[in-house]
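Below are my notes on this model, as numbered points. Please read them alongside the coordinates.

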Amino acid sequence: MKLNEPEHAAPDDAVARRDVEPVICYPTATLPAVDLTAYRAARDGWRKIAETLVPPRDARTFRVPAGHFFRIVSVEGPQVGDLNLWHEADLTERFYSGKTRALHGTHLSTGDRLWSCLPFLRPMATITDDTLDWYGFDRFGGSVHDVIGTRCDPYTNRLLSGGDYHFCCHSNLIRALAQAAGIGMDEAERHVHDVLNVFMCTGFTRDTGQYFMKATPVRPGDYLEFFAEIDLLGALSACPGGDCASEHSSDAATCHPLLVEVYAPANKPHGWRPAEPNAYSRRHGM
Ligand SMILES: [Zn+2]
């Protein structure tokens, strides 16, 4: 842990050094524009083609062809979900939470994209609707749908509390992926990755910069909607933390299922094409 008090005196020009204006690391004005009007027009006459109910403290997978939509829906009661995404035909292309955070910020909402890992770095999905977009940032600096947390896992739990707990999101995602991909648990574990924390309300404390969570504002009927930019295999865990008001990595919290719905549009969005892998030459100076 960091020390409570610094050991070194501030220099004479400390105020001036702290007063330097920040610069956005990755200005996004040059990214291809998201045409929300075209995406939403494609919902006219769409058809629900699949539904997957994710049981509490467990995970399920789902497949979404490129050009289709999917929704994660709150049912029965407040519940947080941990989302993993892979290219349907290549598990090595997976959601890159860190770069998505660098591009779009700590929390995602309508118009933001979920980017895939290097060397692909292309949009996997675009968020086309978010019924919690009214929440914004609260007085604690909290907001919903973060890409700052990682996923609850039994290793961190073991470090902090000493016991073995088998129904963390990490383990739930492993079991679901192993079954869907027909692979062993060890192989599946290597493909499970940092998540989009759907419906979770999180931030960093202002004084210590620590990751915090608080009860999610989600209510039954709320949803987060995505458009698949490539063929997707998704996995969603209904976190053992439930609404994440108090604790996770245990059976203490009240948990609810989550629903995943997949929709086929009557027509693809005007001008849309599946995303291509990043065009960088990959010579790396050689
Ligand atoms: Zn979890």
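1. Helices (H or I, at least four residues) and strands (E, at least two) are taken here as DSSP runs, numbered from the N terminus. On that basis the protein chain has six helices and 13 strands. Its radius of gyration, taken over C-alpha atoms, is 20 Å. Along the principal axes, the C-alpha atoms fill a box of roughly 65 × 45 × 45 Å.

2. This is a predicted model: local features need pLDDT of at least 70 and side-chain atom pairs count only at pLDDT 80 or more, while totals for chains, interfaces and linings use all residues. Residues are numbered from 1 along each chain as its sequence is written.

3. A residue is called buried if 20 or more other C-beta atoms lie within 10 Å of its own, exposed if 12 or fewer, and partly exposed in between, with C-beta atoms placed from the backbone. Of the 286 residues, 39% count as buried. Two residues are in contact if their C-beta atoms, placed from the backbone, lie within 7 Å. Among contacts between residues at least 6 apart in sequence, 74% join residues at least 24 apart.

4. Strands are said to pair if DSSP finds at least two bridges between them. An open sheet of six strands has the order E1-E13-E3-E11-E7-E6, with antiparallel pairing. Its edge strands are E1 (47-54) and E6, each of which pairs on one side only. Neighbouring strands are turned by 25° against each other on average, direction ignored; the axes are lines fitted to C-alpha atoms, and angles run from 0 to 180 degrees between N-to-C directions.

5. Within this sheet, strand E7 (residues 123-130) has seven of its eight residues buried, so it is largely enclosed by the rest of the structure. E7 pairs with E6 (residues 113-115) in the antiparallel sense over three bridges, and Trp-115 stands opposite Pro-123. E7 also pairs with E11 (residues 223-228), antiparallel, over five bridges; there Asp-130 has Leu-224 as its bridge partner. Elsewhere in the sheet, six bridges join E3 (residues 69-74) to E13 (residues 258-264), with Val-73 opposite Leu-259.

6. Strand E12 (232-238) has seven of seven residues buried, so it too is largely enclosed. Leu-232, Gly-234, Leu-236 and Ala-238 point one way, and Leu-233, Ala-235 and Ser-237 the other. E12 pairs antiparallel with E2 over six bridges, where Thr-61 stands opposite Ala-235. Seven bridges join E12 to E4, also antiparallel, and Asp-82 has Ser-237 as its bridge partner.

7. Which elements cover the buried residues of helix H5? They include E2 (59-64), E4 (81-87), E12, H4 (154-161) and H6 (185-191). The buried residues of H5 are Cys-169, His-170, Ser-171, Asn-172, Leu-173, Ile-174, Ala-176 and Leu-177. At 1.5 Å times one less than its number of residues, the 13-residue helix (169-181) should span 18 Å; its end C-alpha atoms are 18 Å apart, which agrees. Just after H5, Gly-182 takes a positive phi of about 65°.

8. UniProt lists residues 53-233 as "domain: DUF1989" in an unreviewed entry; its positions follow the numbering used here, feature names are shortened, and annotations may be inferred rather than shown by experiment. The span is 20% helix and 34% strand, and its end C-alpha atoms lie 16 Å apart.

Terms used. Rg over C-alpha atoms; globule rule 2.2 N^0.38 Å.
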